[in-house]
Amino acid sequence: MTKYLYYSSATDGVGVIIYGTVKDFAAEKSLAINQSAEKWGFRMKNIPIGQYMVNEGIITEEQLQNVLDKKKEENTPGKYFGDYVIELGYVTDIQFGQVLAKKLNVPFVDLNDPETVINTEAVKKIPEALAKKHTIIAIKITGKRLTVATHDPVNFYIFEDIKVTTGMDVVPVLSTKAGIIKAIGKNYSMQNTSSLLDSVENQFGDDDAFGIDEESAERIDSAPIVKLATTIVENSFRADATDIHIEPFKTFTRIRIRVNGDLIELMNISNVVHNSLVTRLKIISGMNIAEKRIPQDGRFTQVVDGTTLDVRVSNLPTVNGEKVVIRILSTGDVGVRKITDLGMTAYNYERFASILKVPQGVVLVTGPTGSGKTTTLYAALGEIAKPNVNVITVEDPVEKNIEGINQCQVNAKAGMTFAAALRSILRQDPDIVMIGEMRDQETAEIAIRAAITGHLVLSTLHTNDAASTVTRLIDMGVAPYMVATSLIGIVAQRLVKKICPECRTPRMSTDEEDKLMGISEHTTVYDACGCPKCNNTGYVGRTAIHEILLCTPEMSALIANDGKVDAISKLAKEQGTKLLRDNVSELVLEGKTTMDELVRVTYAV
């Protein structure tokens, strides 16, 4: 007879797991809980999860009391201890899941990890309605056993429901609720896309290819085209895309998404649907649907799997119709990363942490668009923003809402520019100021002066490396002595794709590759190949590489004397700065990325 994990509640609200059959569970319910757990060989400490976390050193007694006080104060039905401890920022949902899994002695699976494989055949075993009802998803089939991810692994009613539906034995694993919701949306929605496209194309005839005016705009609010626009954003977000490109051609419209920096095809749709889809997007993003001759910009919000997305829309007329590019930005629903989660090496992390200890000056994060600069800035703010300091940011746009920090949005049309906002911010008694980007001389000068007068200023610049950042500031019109006086450090970074561990192919490096990596002997490197796990791209996810320059007294003297890029770079290397190429070379040698990525992000003539 098959045995399962069951949950039994004590009178004080503390529960334990019993391992056995349904009949066993009913019989054992009348026994003492500890005796039951011991009888079925399931060892578990009969203490609340909060006290368990304190005993494990994950939270302090004070933090535990704060959580319990907040829980008692709100007393919200359906909201548990884990929700509060995550909400207060003491742990992430992943960390809480891992702790709970350890306490319950159940395996933990991170469904957001690119290396976690979900078997599509397993997903099909559980109907979508049942998966959504219980917030579960099947991830693996092993013979007659179905591995199911759940955030409530001790609820035997769920497993009985699945067993009746599938006729298979259930093996529960623990995952986060948010991860399961996203996985449900991602794995079930793609199965419905084909039928949705057919219904849309059947609705719109050839007449629709000639355009839609304001009088017929109401027809665009019909279900199929609305659902198509919504589905495109949903599927793109679930694929971890940053941008969506809707591109019209003579006979069809191609929809591509940017994942890990590369554009991949999501779907093709009939050209008769294109104008209807564009009109729908223009309506919800607040554009003028009657204007088709000039570019327009708009924005809207959409909730996907419980996450509110800030969606920016750009429209551009082309010879075959209007091309639309959609930028997907997660709002404050997505937690801010910690500086320990930025992918820095131990050496670079130590240098970065030392920069953030300096009480006043300028810290700059540099790199091209889409290199993760804002993520690094947010992580730095999360590290240094304490209750006893006043932190103000000016951004364009505000990408993530951070509790306890005053965030301002740039609005050029209203005269709220970076420079104008910065002047006002300096009258708001700030301790720390974060500027989204130093775009012009005026903004740079105000920021530098703010640093000299005792503020800590964090900002970004678009430069190729750390050394060239100094000369860029001087070229913008900031005096060399002011840069030398105010600068604390510079972090240059790029995002590098991680090679798929399942299909990577080993080979020996060539002489040219050895020279690029700065090694003297041939070594094993890996090439990307492609398999179902990585969608035949050869890569899964991305990590960051960093180059951190510290502004030491010697460096300040060189900058004040109008030092050139080569001299700054040479001194930085002498003082321990590891270049971007050094960082990515380490990843290549460790088998985490490829030579193609090394060349792509660091090659220069």
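This report walks through confidence, helix packing and salt bridges in a predicted model.

Let's start with the confidence scores. Across the protein the pLDDT averages 83, and 86% of the residues reach at least 70.

## Helix α21 and helix α20

Now find helix α21, which covers residues 565-574. One of its partners is helix α20, made of residues 553-560. The two axes come within 10 Å and cross at roughly 175 degrees. Angles over 145 degrees count as roughly antiparallel, so that is how α20 and α21 are described.

Who touches whom here? From α20 come E554, M555, L558 and I559, and they meet A567, I568, L571 and A572 of α21. Sorted by class, this contact has 7 nonpolar residues, 1 charged and no polar ones.

## Helix α21 and helix α17

Helix α21 also packs against helix α17, residues 466-475. This time the angle is about 140 degrees, and the axes are 8 Å apart. The pair α17 and α21 is therefore oblique, and the crossing is right-handed.

On the α17 side, the contact uses A467, S468, V470 and T471; on the α21 side, V565, I568 and S569. The class make-up of this contact is 4 nonpolar and 3 polar residues, with no charged ones.

## Salt bridges

How many salt bridges does a search of the whole structure find? The count is 27. Side chains of opposite charge can pair when their charged atoms come close.

For one example, look at E56 and K102, whose side chains form a salt bridge at 2.9 Å from N to O. E56 is in the loop between α3 (49-55) and α4 (61-74), while K102 belongs to helix α6, residues 93-104. The pair therefore ties together parts that lie 46 residues apart in sequence.

Conventions: Residues are numbered from 1 along each chain as its sequence is written. This is a predicted model: local features need pLDDT of at least 70, side-chain atom pairs count only at pLDDT 80 or more; totals for chains, interfaces and linings use all residues. Side-chain values use heavy atoms; hydrogens and water are left out. Axes are lines fitted to C-alpha atoms, for helices over the stretch in contact, and angles run from 0 to 180 degrees between N-to-C directions. Helices (H or I, at least four residues) and strands (E, at least two) are DSSP runs, numbered from the N terminus. Angles under 35 degrees count as roughly parallel, over 145 as roughly antiparallel, 65 to 115 as roughly perpendicular and the rest as oblique. A crossing is left-handed if the near helix is turned anticlockwise from the far one by less than a right angle, and right-handed if clockwise. Contact means heavy atoms within 4.5 Å. Ala, Val, Leu, Ile, Met, Phe, Trp, Tyr, Cys and Pro count as nonpolar, Asp, Glu, Lys and Arg as charged, and the others, Gly among them, as polar. pLDDT is the predictor's confidence in each residue, from 0 to 100. A salt bridge is a side-chain nitrogen of Lys or Arg within 4 Å of a carboxyl oxygen of Asp or Glu.
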